[in-house]
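Please keep the sequence and the structure in view while reading.

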Amino acid sequence: QYAAENDAASAKALAAMQQKAIQFLEVTQREDGSWTKSDAVGISGLVTAALLRSHRPVDDPLVSKGLSFLISLQQPSGGIFAPGSRHENYETCIAILALAEANEDGRYKEVISKAESFLRDVQWDQGEGIESSDGAYGGGGYDSKQRPDMSNTQFLVEALKKAGVQPDDPAMQKALIFVSR
């Protein structure tokens, strides 16, 4: 009985903390749907994904506004980032994570598909003038000009998975080469 009471108390405390956090996010969301500042796509994507993972519905005003902000920054290249960003890969990956969480009914399929194509283009491979023997091959950097690293490559792999890319896909296999080195 003690364990059941303790679990109930913990669940109640967790729900109260979650409500406080959501109230904070409600008052700190900017008019354009972002958090912190309008060029902080990564932060806004993380917050939006976290809200969705906390069982906030897609049509919740807080979530909907965050998703609209992310979509508004999709560039002609398919990437989702603020103009002039030096974090194009990272921000696009984070945006895909949020959009995929909200895509149960397929409404973001086209946006995600364009963003996936962008990620394939910025992954370090022959398109960046390197061969498979190069240590950078298959990785992801902040963009296609900054060296690949494990953090950005992890976001690349996670975003591709959320976009529906299969493990045997060439982009995943290239990332595996990078990670295995």
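## The length of α6

In this predicted model, α6 has 13 residues, which at 1.5 Å a residue should span 18 Å, and the distance between its end C-alpha atoms, 18 Å, agrees with that expectation.

## The buried side of α6

The buried residues of α6 are Asn-152, Thr-153, Phe-155, Leu-156, Ala-159 and Leu-160. Around the axis they cover an arc of only 160°, and therefore they lie on the same side of α6. Among the elements that cover these buried residues are α4 (88-101), α5 and α7 (170-180).

At the N-terminal end, α6 is capped by Asp-149, which has a side-chain oxygen 3.1 Å from the backbone nitrogen of Ser-151. Just after α6 comes Gly-164, a residue that takes a positive phi of about 100°.

Is Asp-134 buried, exposed or partly exposed? Its relative accessible area is 31%, and because buried means under 20% and exposed means over 50%, Asp-134 counts as partly exposed.

Asp-134 can also be placed relative to one of the buried residues of α6, Phe-155: the two are 21 residues apart along the chain, and their C-alpha atoms are separated by 21 Å.

Technical notes:
Residues are numbered from 1 along each chain as its sequence is written. This is a predicted model: local features need pLDDT of at least 70, side-chain atom pairs count only at pLDDT 80 or more; totals for chains, interfaces and linings use all residues. Side-chain values use heavy atoms; hydrogens and water are left out. Buried means under 20% relative accessible area, exposed over 50%, partly exposed in between (1.4 Å probe, protein chains only). Helices (H or I, at least four residues) and strands (E, at least two) are DSSP runs, numbered from the N terminus. The expected span of a helix is 1.5 Å times one less than its number of residues. The arc is that of the directions from the helix axis to the C-beta atoms. Contact means heavy atoms within 4.5 Å. A polar contact is a pair of N or O atoms within 3.5 Å; within protein, one must be able to donate a hydrogen and the other to accept it, and residues adjacent in sequence count only if both atoms are side-chain atoms.
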